[in-house]
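Notebook open, structure loaded. I'll jot down what I look up as I go.

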Amino acid sequence: MSDDLLKAATRALREESETDDADGRFTRARVMASLHQGKVKRRTRLAFILPLAACLAAGTAWGSATGRLPALFHALSEAVSLSSKPAEPKPHIANGTVKKAPADESAPPTPAVQPAAEPKPEPEAKPELKTEPPKAEVAASARPTPSGASSAAFQDADGDLYRLAHEAHFASHDYGRALAGWDAYLKAAPGGRFATEARYNRAICLLRLGRDAEARQALEPFASGKLGYRQNEARELLDELSR
Amino acid sequence: MNIGGLVLSPTAPLSESSQDEQNLVERVASADPAAVGEVYDQHHRAVRAFATRLVGDAAAAEDLVHEVFVALPRAMRGYRFESSLRTFLISIAVNHARHHVRSATRRRAAMSRLAFEPEGTSQDPEQIQRRKELASLLTRALDTLPLEQRVAFVLCEVEERTSREVAEITGVPEGTVRTRLHHAKKKLREELSQEGIG
């Protein structure tokens with residue numbers, strides 16, 4: 001019975017789906033319009049892309065011929081690296097142990113000036129701090145020469161001060177010298193490009209030197225989020241200090 | 001072969017494709033709108049009939065026909081004269097059918113939930129009404145099938161194509177087509193009995 005019904009239904013569907021030409025004409029017009037639109041889009045794309053490609057090719061050729069291409073490339077890569085800073089690793093705090101010293105993203109250039117004298121750490125009770133900077137940081141700080149982009153940014157004395165402090169902090173782990181270096185850099189360039197990072201690193205030095213009160217004071221602006229930099233880490237460090 | 005008043009020629013072998021058809025294919029591949037229009041005029045009825053039977057919804061079928069002919073120039077670059085142009089068009093329709101079938105199925109389900117019945121033409125005598133009901137019943141039953149089985153059923157049973165031709169269109173072996181058809185018919189019979197008509 002259901003077999004007959006299936007056959008009857010199949011026949012009915014076949015007959016029901018006969019089409020009339022009115023639909024056909026309408027759809028034909030739609031197809032033609034879509035094809036035309038597609039053609040126009042392709043032409044428009046070509047009209048934009050070809051001149052752009054020609055300009056790019058000509059610009060590259062000109063840059064290569066005049067030797068300006070590498071400089072342009074460096075400027076471009078710097079702009080890209082500035083706009084997309086990598087995610088900062090979190091310091092791991094467990095049982096009163098700070099396992100990581102925050103690193104600065106930019107490796108400074110070759111030293112040109114000697115760092116200032118090291119301040120003596122204040123003898124105060126403090127949580128034990130163990131520093132194990134990640135390999136990437138050490139590698140970055142031990143880099144002998146920075147990239148062309150970084151060197152362009154550090155062609156002045158401020159840059160040298162920053163680089164020295166960075167080296168003392170992350171390569172030598174000499175926090176007294178690093179503190180002096182960060183102070184010197186901040187004095188020379190209080191509104192400098194890396195002033196925020198320098199302030200944070202200075203706070204870490206204070207922490208490592210056991211100068212907890214000063215460290216707490218230095219970390220507070222970071223923990224409050226005023227400076228928009230390493231807020232969580234600063235908060236965790238402050239929590240650790242207040243235990 | 002006569003399907004619903006349409007005369008469909010059997011699959012044309014490669015040797016029969018004339019120089020004219022080759023030229024037409026080349027022009028279509030280069031997205032010549034006049035050539036696409038020519039192909040449309042020759043084959044749109046067959047494509048539309050298949051689309052309507054497969055999708056079960058006239059508006060969605062028109063969208064599918066539109067999509068087939070818009071996609072034709074690009075698809076034509078892969079045409080190797082191994083099947084007739086009509087078969088090739090139907091295979092494009094099969095490849096583009098999935099989301100049309102899905103949306104038409106959804107629409108039908110929503111309509112049945114709302115107990116909405118589209119108004120028929122006033123000239124329908126009893127027989128036409130009965131035919132409409134049966135077609136609609138089968139379309140709803142088809143909605144329960146997987147697309148592959150649905151395509152196999154529509155091509156083999158509704159369009160009365162040979163399993164060889166369907167294998168060509170769908171790009172699967174004939175045995176697979178027959179298996180799909182078998183499962184489709186079994187499921188459809190069950191569905192129709194559940195409706196209490198069978």
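Is the crossing of H9(A) and H10(A) left-handed or right-handed? I get left-handed for H9(A) and H10(A); left-handed means that the near helix is turned anticlockwise from the far one by less than a right angle, right-handed that it is turned clockwise.

Ground rules first: this is a predicted model, where local features need pLDDT of at least 70, side-chain atom pairs count only at pLDDT 80 or more, and totals for chains, interfaces and linings use all residues. Residues are numbered from 1 along each chain as its sequence is written, with chains lettered from A and ligands numbered from 1 in the order in which they are written.

Back to the pair: H9 (212-223) and H10 (231-242) of chain A pack at about 145°, axes 8 Å apart. Axes are lines fitted to C-alpha atoms, for helices over the stretch in contact, and angles run from 0 to 180 degrees between N-to-C directions. Helices here are DSSP runs (H or I, at least four residues), numbered from the N terminus. On the H9(A) side I noted, among others, A:Leu219 and A:Phe222 in the contact, and on the H10(A) side A:Leu238 and A:Leu241 (contact: C-beta atoms, placed from the backbone, within 7 Å).

Next, B:Val36, which I found in H2 of chain B, residues 33-55. B:Val36 is buried because 23 other C-beta atoms lie within 10 Å (buried: 20 or more; exposed: 12 or fewer; partly exposed in between; C-beta atoms placed from the backbone). Beyond four places in sequence, its contacts include A:Val31 and A:Leu35 from chain A, plus B:Phe69.

Last, the A–B contact: 27 residues from chain A, 35 from chain B. H1(A) gives the most to chain A's side, 12 residues.

Conventions. Two residues are in contact if their C-beta atoms, placed from the backbone, lie within 7 Å. Helices (H or I, at least four residues) and strands (E, at least two) are DSSP runs, numbered from the N terminus.
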